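Here's a quick tour to go with the sequence and the 3D view.

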Amino acid sequence: MNRLLNNNKTLLFNTRNQISFNRYYIRAPFDESLIKSSFDPKNVELNKYKFWEDHGLFKPKENKNGEKFSMVLPPPNVTGSLHIGHSLTTTIQDSLVRYNRMLGKEVVWIPGLDHSGIATQVAVEKQLLVKEKKTRYDLGREKFLEKVFEWTEIYSKNINNQLRITGSSLDWSRSVFTLDQQRNNAVQEAFIRLFNMGLIYRSTRLVNWCPQLQSVISDIEIDHQQIEKPTSIKLKSRVKSIEVGVIYDVAYQIDNSDSSMEQLKDLIVSTTRPETIFGDTGIAIHPEDERYKSYHGRFAVHPFTQKRIPIVLDPILVDKTLGTGVVKITPGHDFNDYQCGTRHSLEFINIMNSNGTLNENTIPEFNGVDRLDARPLVIKKLEEKGLYHGKKPHPTTLSICSRSGDLLEPILKPQWYVDCKAMASRSVGYVEKDEIKIVPESFKENWFRWLNNIQDWCISRQLWWGNPIPAYLIIENNLRATDNNDGNNSIINGMSLVNEKWVVAKTEEEAAEIAIKNYNLKKGEFTLEKDQDVLDTWFSSGLFPISSLGWPNEKESIDFKKYFPLDVMETGSDILFFWVARMVMLCSTLVPESPIPFNSILLHPMIRDSQGRKMSKSLGNVIDPLNVINGITLKELKDNVLSSNLTDKEKSIATKGLDKEFPQGIPQCGTDSLRLSLSQYPINGKDINLDINKIIGIRLFCNKLWNASKLVLSNCNNIESIKPITMYYNGNTEPFDYNSITLIDKWILTRLSKLIESSNSNFNSFNLSTISQSLYSFFQYDFCDLYLECIKVELNRNNESSKMVLINVLDTYLRLLHPFMPFITEDIWQRLPRASQMESLNCEQTISIMVSEYPTTNYKYHKQYLQDEAKIEKEISLFQSVLHATRAQRSLLTIHDKTKVNVTLHVDADSFRDKFNINLLNTFEQLKDSFEKIANASLVISGQIISQNQINESNGKITTIADGLQIQIEFDSNENNQFLNPAQSQQSQQQSQQALQSKITKLESFINDLEKTINSQDFKQRVPLKVQEQKIDKLNKYKIELNELLNRK
């Protein structure tokens, strides 16, 4: 047989009839010689993903019971490569997918990529500027879009390759892109339907505008920077620095032209943005502010235009206790002022062009001046007029575009909006009625708060890259009404004075027919102009659950009929509103016959660096999952930064960040280590501060799993001549006689069965971190540290029953672990002897562990393994306590590991029989050989309990473990001293006392903490009784141990 087993080996039997066969059947590839060497993740992962994909194992297989499980991968942005946050997403999702696939369900997991309009356009523009010194305007729209498509082609391959390397078992035959023909058609159809339903409309309102990008910006693309004191900052978009964190006092003169009225003094207003003064159309005071009673109904004079502007009374905008209690109103450039202007029917004036320069609604000398450059010029002019009263420190929050680094400006712009109120109300109802479940439940409050206070959604963007808006402006008699993008039209109450006529359709021909019908026009009387804007990326993403399954052709789509609604929508908690809520709103509106797009929403926290900072390329703390998997030197990390599109300043900061975050680079950890470490972070916790050392620690766990499996395989290489591996398979046959196996075998079966129960239960409740941690603990502490050490005695005796337990436990554990660590489990599982078990297993299930059966409690003998759980657990717990006490004594008495000790176990057998119904003498007789091997001891079991006086006189050689259980240790000090070096021998007594005191201190601390926990009301009310009992039992053990140590001082 070749050492590399792969798909060249063919089945020699009929899978339906399951007749005769031999070992030459299709199996996932592995190199048989590798088991002789140390663990190498690169070799273990080699070719496995390709085998899975080539054999169609990621595609859904029909389930005879009709059970299905469907998910979509939140489409990554095609802006570069995946970061560690994406790896958390795919780890969680792939674990769920693999689990459900192993349960035999018909599983589909659909991959996709998001065109990410603004992020991708900015990335390509940046590259274009760095490499070719050109802007998109130099290329023109068509040529620029060609560049973007070239970019997406490159980076989509990179992203998909990363997904494959991280083991994501996606059905690639169903892969989609939010700008492919099918998805674009879905977006166009959705826009048209929503428009015809009256849910999409056009309006001129205040928006967050990025002058650098000349586009509306979504809230999620805004970085809010808090400035506490006067500071000079440099924006990425500007050469010059600007001063922020200050507020300017400006005087407004009162119109005292009517001599019959009281002649009033100037009003002092404070502003952080004096350049917006040209757009001021009112002054606000509080109606109950006694200082300004005489100003009610009066007018102020604009310092530059000399226009009379009203002084209005507004208790909402004005806090009379802050500043002077007087506020200038700029409705066209401030969101609060916008609302105030609407309440008082003030004039709305736009003073900025799209590029952030001031327009003709200012005075001529300011036309074309950038608004930030205009700030000091405005101050100078006010000084000349005697109206500037100085500046002072003032905490300020800056809104900065995360894409361009420019300071955002509130500007009046005509845009397309979605009326969200009814959709949001329905979405609240789905969660209130538990028709959609949110995990963790704590995010329900956010869901309700956001949706109950929702504003209409601006969905148009002034970009070139994105889904085009299927809307056409009607131009009658060659007279085109402008949209007031840069013009000087005033806007009243948020509505444009220009009476625009729009029609919505997929083609210009359809649009013309609608225009004729709806506006009673005739051919030749009008022309149509296509809207050049594109849709917000979140609009197309919001359709993803239905568009990825074939909508709007849902009646013809087999996938839509079979897999909609989805079972789970898993994503980051930071986009619960921006994406998840919008999916529910849009999909429930567009598919009213099946309004719920998914049954459960599973949210994970954000990943930050080890210092708790948000990961950013410019900080040098972004972790590429491939660098963790393959390893990378610090120099290579720096080289990657230096060759990136970052500015020189950003590169300098980033390389310094790398020195601090990864001083030794990142060692090779492998995919499985990355996945298991990420899965152990609780999803219901706060943001994750990722520590690379945790991943390195899991790499050591992989090594332990590899070496332990080598030990099992080396001792069970002839297992085929005994019985097949059938434990926890649906065949329901038991591979050994339970009544004839050893106590330690029964204990590991009990532990394994409990692990199976908790794993299935926690998968159903999406508590993946508990499963992952339990799997780690079981193998590390139960299987390796105790069971393997004990069972070695039985293996040396060639106990075939114990061998069968051992190999079956390993097989079962690998299947439990597989959803989290797919590569190493596949490799080891393929090495298990299974040719003679083919009659009991379906052949398709033996091709790969990923299509084998996940262990469940349905197994016929599951309950049998738990029938004596309490008794077995108590016996082994006492055995472990004796081991622990023996090791503690060795440490305290400075007994070398090579020194064999004589241990006498004093047992009050009747006491344990009465209390726990166990024969403790028999227990230790069964485990005597194992104890002696593990502890390097000679064990004598006595039925006599030692008196307290004898304990006190024993000089620390007698320890009480529990009531009725003591150990006494004797050793040859001369022999021991031979193993100790002279320095150790001389200092042994001193070290012993130091170790004793250290342990006493630790125990006192443990006892104090446990008592606080146990005595707290929260613990008594919320913690299960069984867990409470375990804690109390642990406390009593600590107290007994402390008493023993104190007696030795």
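Does D434 count as buried, partly exposed or exposed, and what is its relative accessibility? D434 comes out as partly exposed, at 37% relative accessibility. Keep in mind that this is a predicted model.

**Salt bridges**

- Searching the whole structure turns up 54 salt bridges.
- D434 has a partner in K444, and their closest N and O atoms sit 3.4 Å apart.
- That pair ties together parts 10 residues apart in sequence, because K444 belongs to helix α11 (residues 444-452) while D434 is in the loop between α10 and β22 (437-439).
- K444 itself is buried, with a relative accessible area of 19%; the cut-off for buried is under 20%.
- D929 and R797 also meet through their side chains, with 2.0 Å from N to O.
- Here the linked parts are 132 residues apart in sequence, since D929 lies in helix α31 (residues 928-935) and R797 in the loop between α23 (768-796) and α24 (800-817).
- D929 is partly exposed at 34% relative accessibility, and R797 is partly exposed too, at 46%.

**A salt-bridge network**

- Shared partners join R238, R273, D370, R371, D373, D406 and E409 into one network of salt bridges.
- Within it, R371 pairs with D370, with 3.3 Å between the closest N and O atoms.
- R371 is buried, at 2% relative accessible area, and D370 is buried at 17%.

**Two crossing helices**

- Helix α10 (residues 421-432) and helix α16 (residues 576-590) have axes that come within 9 Å and cross at roughly 105 degrees.
- So α10 runs roughly perpendicular to α16.
- On the α10 side, M423, A424, R426, S427 and Y430 make the contact, and on the α16 side it's A581, V584, M585, L586, S588 and T589.
- Sorted by class, this contact has 7 nonpolar, 3 polar and 1 charged residues.

**An enclosed helix**

- Helix α25 (residues 822-831) is largely enclosed by the rest of the structure, because 10 of its 10 residues are buried.
- Among the buried residues in α25 are F823, I828 and W829, as well as the charged E826, D827 and R831.

**An exposed glutamate**

- E513 sits in helix α12 (residues 508-519).
- With 58% relative accessibility, E513 counts as exposed.
- Its C-alpha atom is separated by 9.2 Å from that of K523, which is 10 residues away along the chain.

Notes: Residues numbered from 1 in each chain as written. Predicted model: local features only at pLDDT ≥ 70, side-chain atom pairs only at ≥ 80, totals over all residues. Heavy atoms only, no water. Helix = DSSP H or I, 4+ residues; strand = E, 2+ residues; numbered from the N terminus. Buried < 20%, exposed > 50% of the residue type's maximum accessible area, 1.4 Å probe, protein only. Axes fitted to C-alpha atoms, helices over the stretch in contact; angles between N-to-C directions. Parallel < 35°, antiparallel > 145°, perpendicular 65-115°, else oblique. Contact = heavy atoms within 4.5 Å. Salt bridge = Lys/Arg side-chain N within 4 Å of Asp/Glu carboxyl O.
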